[in-house]
Structures are given as structure tokens and as C-alpha cells.
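Let's take a walk through this structure, starting with a helix and then moving on to some annotated positions. Keep the coordinates open as you read.

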Number of protein chains: 2
Amino acid sequence: MGKYNVAIAGATGVVGQKMIEVLEESNIAVDNFYPMASSRSAGKKVTFRGKEYTVEELNEHSFDKDIDFALFSAGGGTSKKFAPIAAKNNVVVIDNSSQWRMDDEVPLVVPEVNPKDALKTKGIIANPNCSTIQAMVVLKPLHDAYKIKRVIYSTYQAVAGSGIKGIKDLEEGVKGGKNEFYPVQIAYNCLPHIDDFTENGYTKEELKMVNETHKILGDYDIKVTATTVRVPVFVGHSESINLEFEKPFDVDEARELLKNAPGVIVKDDISVPEYPTVLDAAGNDEVYVGRIRRDFSVKSGMNLWCVGDNIRKGAASNTVQIAEYLIKENFFGKEN
Amino acid sequence: MGKYNVAIAGATGVVGQKMIEVLEESNIAVDNFYPMASSRSAGKKVTFRGKEYTVEELNEHSFDKDIDFALFSAGGGTSKKFAPIAAKNNVVVIDNSSQWRMDDEVPLVVPEVNPKDALKTKGIIANPNCSTIQAMVVLKPLHDAYKIKRVIYSTYQAVAGSGIKGIKDLEEGVKGGKNEFYPVQIAYNCLPHIDDFTENGYTKEELKMVNETHKILGDYDIKVTATTVRVPVFVGHSESINLEFEKPFDVDEARELLKNAPGVIVKDDISVPEYPTVLDAAGNDEVYVGRIRRDFSVKSGMNLWCVGDNIRKGAASNTVQIAEYLIKENFFGKEN
């Protein structure tokens, strides 16, 4: 089995630290490990598989070294600047920012859904938006079976998605402190506002869900709309998803389908009653789904509730899974 | 102006106490005031307009007295038993439980929407479900203008809707304590579970939203579905509402319509950005609406976000407003 030289750009952030943790847990044999971050965080220490590393400053020469792949979670601007430099140096960048997601040249990959797209990379692979990833894992098997006509997302998103600043606002807020990051109090409140607003009245987060659903499922005929909402939860996104299918379906059959789908755990028994919440998802890479039921308001409609760890499956774990897939497919030419 | 003898059944609960407060603020001239509760709470003291009252035990003889109207918030079972006794004694019952809402003989009233239905009462008037009330105030003017074909509700409901037990679970939960009321931790979590589950996979809360929307708007052709979710918010429900209209609409015109609608405050300016949250609604009787935008996934579709104080407009204030309407219409025959 080959050994890989791996960089993590943005190694000191919430997602970067989780990338280190998930990579550590993985079966990927790592030869050289390069944690990188902005000058502000360079010099900090991180531990990977029992060994301490000093975080390097991410700069134009960071990728002059022999690196197989780099997991980026350093924000859109940093990714815009450094991912092409890395790619030019034959480093495969798996980028968690929104910078490259809608670029026609860049695959947007959820390994359970469209793994083969990763193999088409010209150097950069984009990790989708956290809310989109967890929805895709659940929607893909349903789309294959019944063909989705329309999706309506309403999300319940955790503050960890905003990084350390979001977490601090909630921690301080429940103690009566003031927000520093969110424009409106997040403690004991729900804000229908994630990322910037755009001219058509949607936030960028909502448009990500619309556009990325199309690209990942490879079907631009699906009608999609979204309302994305920040809620006072630390880790784990929940989503109320309304679906309309082209074909008829049976609820029990759909539930079985999901039980057999990769990366999905069905927790759905109203006789207990049992349904998933972020407590199930936190710390896991699977997406949990429940409340699967017929929507009687439309022909072939369904409502469901899905939950995922936005820092793991919604970010760090998905990037590591993409790397694992590339390794399995011998993309780096190091496997026998 | 006439003076009224008023009873409050369930005067010591979260909603009952708010009923006293809202009645106190109102212009209703109260002659005799009778706070009532179960034997467990009887004997407690409550204050109304500066005077202290002892809470009476609610029993078969409570309504032998001369009472004009009684605001009930004592649970379905209590209402089932005592509301008919009160009605038989010519007391108009305005009941906040779900007991009578779908009874064909009982009007289900939101004063901004279908006030005249209240005049048809045979003794009992039902106050709708909290989530439904705030949605109705917003949907009515839109339905009148564009005729709603389909509604998809996803709610973000506060723990105050579960009464003192719900509030305690959140208070203790954020300090690391255990839930006593909710089956799953509510602190930093979202539970897609409000009221009991029914055989078709929906909760009773979800079915209330479906059925009460039909009855209040007086239109059983509207297709409705709902996912109702408890969130770690103390007071104030938020709702992500997706609408499909029969007629075409203009977003700016719809926003103007809502600005001029009774009981509605529009807070919707993405250039600020500005949108409503429970902080706006808490303590007020108006329903706040924002995030009004076209849903591009369907012909004549709209997404919006609405927020209301579930204890005031969603419960106590709506009952007092019904009483005010009855008085204005001289239903009790005491006005000149």
C-alpha cells in the first residue's frame, strides 16, 4: 500500500482540526504531513497520529514540496489564490470553500453519490456545502428510484458551520452575553440568514443548495428551492425536506431503499417514537433520516427529516472520503 | 360601555397567566374576575388590575355564577368536561385547547381572518393552534389576492408551547441538566416531534396545521402539508412557509399587501439586511413576516418566513381579541 504526502490548509480552524482528526482515524498511510495556515496561525502546534507538527505559513512556495493531496479549509479567498498554485504543482486540492464548486472544470463530489466525477479532476475537487452534502446522501437513492421533480429545503443549521466565532456567540449568548459575529442574537433564536444576501432575495447559502443539488445529481431538470436557517445548536444540521417524485412510490419500500443506501442510517419508527436528531449524528459520518412519510398535498410527494454532523460529513469527513476514493482508484499511481 | 364578568380557567399555567396579563392590558371593562384552576393550583393568588384574587377550583358549579365569557387554557380533557357545562350556563367559552377545534358546531377563529365566524357560536369558540394562528394572519391577505393552491409548512417552535415543563427542560438543558419532559434533549437540538404521532406518520401538531388551515380560511381545496419541529427557543415560533398560488403575483405588490394587512408587520429588507426573528415578536401581538421572495421552482410560488409570540398571539392574545370582537359586535347585549 502506498504512502501519501498530505497537506491541510487552514489546519487551525474548526473544520481544519476535524480534517486532521478524520485523517488520523482513516486508513490512509501518511508519509509526510504538512499542516498549513495563514501567517496569523502559523507557528501553532498540532498533533497528528501521536507526532507534533508546527503549522507552516501557507504561501506561494508551500506546494513546491512533493505533496499528493491537500485538504483545504481556509476560506474562499485563500482557496482562490492558493488552490491553482497547488494544482500547478501536481497537488490534488480537495477544497471545502465555495470558491470552485460551480466551476465547470471542477468536480463537486459526494463519494456516496457521484464518486467517479472526482476522477475527472484537473487538480481541484470541490467539497459541497454542508447542508447539500447531507441532503444528497439521502436524495440520491430516492432520485434513482423515483426521479425527483422538485425539492423544498428548510434547514436548521448549527453554529459550528460559522466556525469558532459562531460557537462563541452561542456559548456567550446562553449566558446572557452579546453576539460578536452574528448580526442578530443566536442564543434562543432562529436566524433565516446564512451567508450573504443576493439580489433575488435568496442568501448565497440557499443558492448553493439549489445549484449544488443540480450539479451533484447531474440533473438540471430538478426544481429546487431552499430556506436556510441558523439555529442555536452547536454541531449538526437538520433539514426538513419536501419532495415530489415523477414516479409513484411506496413509503415502506422507500424506507428500505434508504436502509440499504451507503452512508445512510434510517431512524424512523413512530411506534417508539424514534426519529433522528443531531445527537445521533454528532461524531458520526453517516447521515440519519427519519419522519419519512407521504405528503398528501401533491401527487407522489414525500416529507422527510435528515440530520448530519456538519463538521464531519458536511465538511472534513467528505474531503477525506474523496481522498480515500482517489486512493482506492489508484489515482495517484501508488497502489499495487 | 358595558362591564363584563370574566373567568379564566387554567389561570396558573403559562398561557393562563398571559391571558390575565393581556386581559389586564385590554380595554375590556371587567366587573367580576374569576381565576380558576385544577384543585392542585386552587388557593394560589393572582393579581388582576392591582387587585389580588384567590384561584378557585374549577368544578361543576364554577359556572353557576353570572359570567359573560371564560377564557380556557386548561388542557383538552378539562375543556371537554367543563366547556359544555359553562356553555349550558350561558357562558361563552373561548378555548385554547385542541378539543373543540374541528367540531363542526364550534367556530375556529383568528380575529384578523374570520372574525364573523365567532358570532355563530353556540357557546364555545375555539382558539386555533399557535403555529396555525400566526400563519393564518399572513396567509389570509395572500389567499384573498392570489388564491393559495398549496402550502408547505416547516416550523421552528419554542418550548413555551409545552408550558412550564418545556421551559424548565431548556433552562436545565443548557446548564447540562437532563430533560424531564421532552423524550430527547431539547437544549442545542431540534426535535421533529410536537404532540403525539398518528398512524399516517404525522404528528397531531402537523395535522392541526393542515386541518385548521382549511377551516379558518374556509377553503378545503388548499393542499397543505407540515413538518413541525421543537427548537431551543424559549418564546416565539418561526415558520418557513412555501406557497403556490393559482394566480400570478408580483413580489413587491405582495409585500405591500402584507404591510397593509391587519396584525402583520413586514420586516423585509435584504439591503440592511433585515428579517424578523422571535426577538421582534416576543411581547407583541403582531405577526412578523420577512424573507418574502419568489420560489422559482414552481409557477407562481413564494417562500416567506413568519414569526409570532406563541404565548401571546398564538394563544392568550388571540382569545382576548376574540372577546373584544364579540364585545364590539355587542354579542353580549351590554353595549349601547
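This is a predicted model: local features need pLDDT of at least 70, side-chain atom pairs count only at pLDDT 80 or more; totals for chains, interfaces and linings use all residues.

Residues are numbered from 1 along each chain as its sequence is written, chains are lettered from A and ligands numbered from 1 in the order in which they are written, and side-chain values use heavy atoms, with hydrogens and water left out.

Start with helix 8 of chain A, residues 312-328. Helices here are DSSP runs of H or I with at least four residues, strands are E runs of at least two, and the numbering goes from the N terminus. If helix 8 were straight, its 17 residues would span 24 Å at 1.5 Å a residue, yet its end C-alpha atoms are only 21 Å apart. (The expected span is 1.5 Å times one less than the number of residues.) Look at Asn318(A), where a kink of about 40 degrees is centred; the bend at a residue is the angle between axes fitted to the seven residues ending there and the seven starting there. After the helix comes Asn330(A), with a positive phi near 55 degrees.

Now for the annotations. An unreviewed UniProt entry lists Thr12(A), Gly13(A), Val14(A), Val15(A), Arg40(A), Ser41(A) and Asn310(A) under "binding site". They span 299 residues in sequence and the farthest two C-alpha atoms are 25.4 Å apart, so they do not all gather at one spot. UniProt positions use the numbering used here, feature names are shortened, and annotations may be inferred rather than shown by experiment.

Thr12(A) sits in the loop between strand 1 (4-9) and helix 1 (14-25), and at 15% relative accessibility it counts as buried. Leaving out residues up to four places away in sequence, its contacts (heavy atoms within 4.5 Å) include Ser41(A), Lys44(A) and Ile164(A). Val14(A) lies in helix 1, and beyond its neighbours within four places in sequence it is in contact with residues including Ile164(A) and Ile311(A).

Finally, UniProt's unreviewed entry lists Arg101(A) as "binding site" too. Arg101(A) is in the loop between strand 7 (92-95) and strand 8 (124-126), and is buried at 5% relative accessible area.

Methods. Buried means under 20% relative accessible area, exposed over 50%, partly exposed in between (1.4 Å probe, protein chains only).
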